[in-house]
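Please read it beside the sequence and the 3D view.

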Amino acid sequence: MENESILIAAKGVLSVVGGAIATILGGWDALFTLFCFFVILDYITGVACAFKQRKFRSSVMRWGAFNKLIEVVIIAIFYYVDIVLNVSYFRNGALCWFLICEGSSIVENCVILKVPLPAGLEKILQQLKKTVSINFTDMAKRIIEDKTAQEEEN
């Protein structure tokens, strides 16, 4: 009986914490789910590469986890930029950028692990990483200019 009440309490706490995190990050949609999947897969393949190359260092693993946390913080910041500007571009743009970066890293790790990949996949992701540029400053300026012009018209 006591174990059951502890389990119910734990589920309640996890629900509240999960809901709060999802709210801070702009919701838990398919794009964010894909991002989480990529982050976990990149972390797992990165650790596997470190073991394979005999270069496993807990300090490197901690910094990797810290970098993933910073990505989540940036997503949260851009979600609030979206709210302030009354748009929905910045959070999703950041998520897309991080998906490209995480995807490239996963492919690089798979190459090291000698996982068979479709021909050209590595080159495609590397090219995307080089050529896709999300200039958030320019995007914000355009949105603000558009909103100012709309307000002047009214």
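Val81 is partly exposed, at 27% relative accessibility. Buried means under 20% relative accessible area, exposed means over 50%, and partly exposed lies in between (1.4 Å probe, protein chains only). This is a predicted model, in which local features need pLDDT of at least 70 and side-chain atom pairs count only at pLDDT 80 or more, while totals for chains, interfaces and linings use all residues. Residues are numbered from 1 along each chain as its sequence is written, and side-chain values use heavy atoms, with hydrogens and water left out.

Val81 sits in helix α3. Helices (H or I, at least four residues) and strands (E, at least two) are DSSP runs, numbered from the N terminus. C-alpha to C-alpha, Val81 and Val13 are 29 Å apart in space, and they are 68 residues apart in sequence.

Val73 is also placed in helix α3. Val73 is partly exposed, with 40% relative accessible area. Its C-alpha atom is separated by 36 Å from that of Glu153, 80 residues apart along the chain.

## How α2 meets α3

Two packed helices are described by the angle between their axes and the distance between the axes. Here the axes of helix α2 (residues 30-52) and α3 come within 11 Å and cross at roughly 170°. Axes are lines fitted to C-alpha atoms, for helices over the stretch in contact, and angles run from 0 to 180 degrees between N-to-C directions. The two helices are therefore roughly antiparallel to each other. The cut-offs are under 35 degrees for roughly parallel, over 145 for roughly antiparallel and 65 to 115 for roughly perpendicular, with the rest oblique.

Which residues of α2 and α3 make the contact? From α2 come Phe32, Phe35, Val39, Asp42, Tyr43 and Val47. From α3 come Met61, Gly64, Ala65, Lys68, Glu71, Val72 and Ile75. Contact means heavy atoms within 4.5 Å. By class, the contact of α2 with α3 has nine nonpolar, one polar and three charged residues. Ala, Val, Leu, Ile, Met, Phe, Trp, Tyr, Cys and Pro count as nonpolar, Asp, Glu, Lys and Arg as charged, and the others, Gly among them, as polar.

Glu102 is part of helix α4 (residues 90-112). Is Glu102 buried or exposed? At 2% relative accessibility, Glu102 is buried. Its side chain makes a polar contact of 2.8 Å with that of Lys68. A polar contact is a pair of N or O atoms within 3.5 Å; within protein, one must be able to donate a hydrogen and the other to accept it, and residues adjacent in sequence count only if both atoms are side-chain atoms. Leaving aside neighbours within four places in sequence, Glu102 contacts Phe38, Val39, Asp42, Lys68 and Glu71.

Glu71 belongs to helix α3. Glu71 is buried, at 12% relative accessibility. Not counting residues up to four places away in sequence, Glu71 touches Phe35, Val39, Phe98 and Glu102. Glu71 and Leu95 are 24 residues apart in sequence, with 8.8 Å between them in space, C-alpha to C-alpha.

## Aromatic pairs

The structure holds eight aromatic pairs. Rings of Phe, Tyr and Trp (its six-membered ring) pair if their centres lie within 6.5 Å; planes under 30 degrees apart count as stacked, over 60 as edge-to-face and the rest as tilted. Two of the pairs are tabulated.

| Pair | Centre to centre | Angle of planes | Class |
|---|---|---|---|
| Trp28 and Phe32 | 4.8 Å | 85° | edge-to-face |
| Phe78 and Phe90 | 6.1 Å | 25° | stacked |

Phe78 is buried at 18% relative accessibility, and Phe90 is buried at 1%. Phe32 is buried too, with a relative accessible area of 3%. Ring pairs also link Trp28, Phe32, Phe35 and Phe98 into a cluster.

## Positive phi in two loops

Most residues other than glycine have a negative phi. Asn86 is not a glycine, yet has a positive phi of about 60°. Asn86 lies in the loop between α3 and α4 and is exposed, at 61% relative accessibility.

Lys114, not a glycine either, has a positive phi of about 60°. Its place is the loop between α4 and α5 (121-131). Lys114 is exposed, with a relative accessible area of 66%.
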